[in-house]
Amino acid sequence: MNAATAETAATTASRESGSTPEIAPQRLLQRLILPYEASPDIVPLYIEAEDARSGATGGAFGLGGASDRDIADPGGSPRGASPAQVDVSELSDRHAARIPAHSMRSFGTYFNAFPASYWRRWTPVRRIRLTIRTAGSGHLIVMRSTARGTLQRQESRNVSGGPADQVFDLPLTAFGDGGWYWFDAYAGQEPLTILGAEWTADADLARTDGTFSISMTTMNKVPYCLDNIRTIAEDPDLRELLDVMYVIDQGSDRLRDHAGELDPLQETLGEQLQIIEQGNIGGSGGFSRGMYEASTGGASTYVINCDDDIVLEAESLIRMTTFADFATRPTIVGAHMFDLNNRSVLHTFGEVVDPWRIQPALANPGAEMGHDFALDPLRSTPWLHRRADVDYNGWWSCLIPTETVRAIGLSLPVFIKWDDAEYGLRAKKAGYPTVSLPGAGVWHMSWVDKDDLVGWQAYFHERNRIITALLHSPYSRGGRVIKESQFMDVKHLISMQYYTEAGRLMAQRDVLEGPDALHPSIGTKLPEIRGMAAGFDDAVSRKDQDLYPPVQIDKPPRKGRPFSEPGRLKLPVWTVKALAKQLVKPTKAQAEENPQAAIAHIDAKWWRLSAYDSALVSNAEGTQVSWYKRDPRQVREMLTGAIGAHLDLHRRWPELQSTYRRAAAHLTSFEAWERTFAENPAPVRAQDAEQSGSAGAGATTTGGSPA
């Protein structure tokens, strides 16, 4: 239905002017959808129950003005006040909505507004058609917004009787920097039913008519993975576009161990579902395997990388594919990420890589991370109306043309962290842009309440950020990367986070060793890092604080004042004093016997931890507690190692940059990854060996080694 063209015929009665518009082959771009699960926390993403309200009231004309955050709602209610919600009992249909008498409903929402500026910027479409099928009497208003977030009435019409199609031909010429289209519907004396709504465009403007495969990497998250397979299996429109769903199983709890749930799905999907088991070579290895299969299979126009622990809005994959079909040139199309545990909250609207720091940054000025549509709807949030042009999209759900994969290769073999950002930067250099498409979203566990800069993941953050800088930084010696890396080493050391620092030092040494070890070590580096944990107090954790000796405070804060971060002017002197203490001052004997404080993770800042010789510190999830203990010997050795590594990075940067850039094409090549897949098969478990012995030799997976 969504890949094929459809003619939308408009009748004379459906036009105010009385003229019949030209009938042209139309292709569906986007259709009205309502949630499968009519839960109050996600309803605001689909439908609203209030009149249009704008958060933009001023006109700075480029001369400066009030921040969007400080602009009040012209209707009188401040931004952040919860708007009226639609009663979930109204929502019983996926593509239709019944509007009670004397009520209005707005479809100016994340999943139902049309992101006009993105179609204007990245496709040849310059005119779209909105067809709304109605039954009953009422009024329709087509609205649009500007890049500043101001709202404008485009067209309005009274409707009655029906069912009848109401057709609006709408230009896209004025959306150069931002803006959306949507429609609001008002019921009169009787209820008004919206039987459906479609945004279409001339079909011949599409560059291709593509299909996709899915690359989903999973690691011991069977329930999530099965739910996503089920979502795919139960959506006929999605399956029309799907070639193969490749599930790359790298865990010890394998999907095939759950035959009672998997087998019916396998029977339904048939050859559209292939489970491939391999060793744990991380997200970059799992996604690369799916990208490889999709790009060598010969059928798929696109491959969509998806995390396993997401909740899919199935329509998102259809919209991503349609947008990619219409894109002027082959384009990576990503979905936004919503918070799985707070489903009206959008994690980010679009990200770029700060070239000076090689750190992710929000694409839009004034944008905020963690935007709650239940508090601040699309129409009242100005920054959401400015188009966000991005460098990359997270691989929680990201469509990549297989043409792009064949041209620039697979992921860097970096296990996890920075693989998606580096791929976006690499694709951009090769002429393949990335678009984070509004109206395409998935729910994923947010990392706002996680801290993956501490612990075993610190190795991958540090190594892969430096490698990304070597490959893509436009600045001499990586801009600020080396300096910031050294600062982070100092912060971890004065925070008594020695296991984290050990991983960072290993990462720096591995970068200096060059790129040749990236593929051979991809399956062994994580066990090596985790194997170091037993040697560090801060890496050993217990479930409850009471399992440690009681806290004994031997020296209260000075004058009872709470700890505070040193200001910019005082920071150099403060750092010298803090480091001197860490390097030479012996720890108090009592601190070896009893922790001096119990510190919640949210309060475990470097400038607070540095005040103690020992402290109990909880992890970000609140599930474990570790006993941090100051060790001057560790600090001296690690600080010496960090200074030496950073001096070497600074001195050797041009040489390393040349080495990594020469190696990049090989590292990401199909041939290199074929060897890595073959060298990292799924480990044979005891139960597998028993089954193999009793049944004779035979395949244990669907799919096999590509070598």
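Visitor: How do α10 and α14 lie to each other?
Guide: This is a predicted model, in which local features need pLDDT of at least 70, side-chain atom pairs count only at pLDDT 80 or more, and totals for chains, interfaces and linings use all residues. Residues are numbered from 1 along each chain as its sequence is written, and side-chain values use heavy atoms, with hydrogens and water left out. The axes of α10 and α14 (residues 571-584) come within 10 Å and cross at roughly 50 degrees, where axes are lines fitted to C-alpha atoms, for helices over the stretch in contact, and angles run from 0 to 180 degrees between N-to-C directions. Angles under 35 degrees count as roughly parallel, over 145 as roughly antiparallel, 65 to 115 as roughly perpendicular and the rest as oblique, so α10 and α14 are oblique.

Visitor: And which residues of α14 does α10 meet?
Guide: Helices here are DSSP runs (H or I, at least four residues), as are strands (E, at least two), numbered from the N terminus. Contact means heavy atoms within 4.5 Å. On the α10 side we have V490, L493 and I494, and across from them in α14 sit W574, T575, L579 and Q582.

Visitor: How is α10 oriented relative to α11?
Guide: Helix α10 (residues 481-494) and helix α11 (residues 498-513) have axes that come within 8 Å and cross at roughly 155 degrees. That makes the two roughly antiparallel.

Visitor: Left-handed or right-handed: which is the crossing of α10 and α11?
Guide: The rule is that a crossing is left-handed if the near helix is turned anticlockwise from the far one by less than a right angle, and right-handed if clockwise. The crossing of α10 and α14 is left-handed. For α10 and α11, the crossing is left-handed.

Visitor: Which residues of α11 meet α10?
Guide: By class, the residues of this contact split into three nonpolar, four polar and three charged. From α10 come S485, M488, D489, H492 and L493, and they meet α11 at Y498, T500, E501, R504 and Q508.

Visitor: What about α8 and α9, how do they run?
Guide: Helix α8 (residues 419-429) packs against helix α9 (residues 457-472) with axes 11 Å apart and an angle of about 5 degrees. E422, L425, R426 and K429 in α8 meet T468, L471 and H472 in α9. By class, that contact has two nonpolar, two polar and three charged residues. With that angle, α8 and α9 are therefore roughly parallel.

Visitor: What is the volume of the largest cavity?
Guide: On a 1 Å grid over the protein atoms alone, a cavity is a set of points where a 1.4 Å probe fits but cannot get out, and lining residues have an atom within 4 Å of a point. Grid points are joined across faces, edges and corners, and a volume is the space filled by probe spheres set on the points. The largest cavity is lined by 11 residues, of which I47, E48, P83, A84 and Q85 lie nearest its centre. Its volume is about 60 Å³.

Visitor: Where does P163 lie?
Guide: P163 is joined to G162 by a cis peptide bond, with omega of about 5 degrees. Its place is the loop between β7 (151-159) and β8 (164-171).

Visitor: Which residues does P683 touch?
Guide: P683 sits in the loop between α18 (670-679) and α19 (686-695). Its C-alpha atom is separated by 6.3 Å from that of G279, 404 residues apart along the chain. Not counting residues up to four places away in sequence, P683 touches R254, G279 and D688.

Terms used:
Nonpolar A, V, L, I, M, F, W, Y, C, P; charged D, E, K, R; others polar. 1 Å grid on protein atoms, 1.4 Å probe; cavity = no way out; pocket = protein on both sides within 12 Å on 5 of 7 lines; lining within 4 Å.
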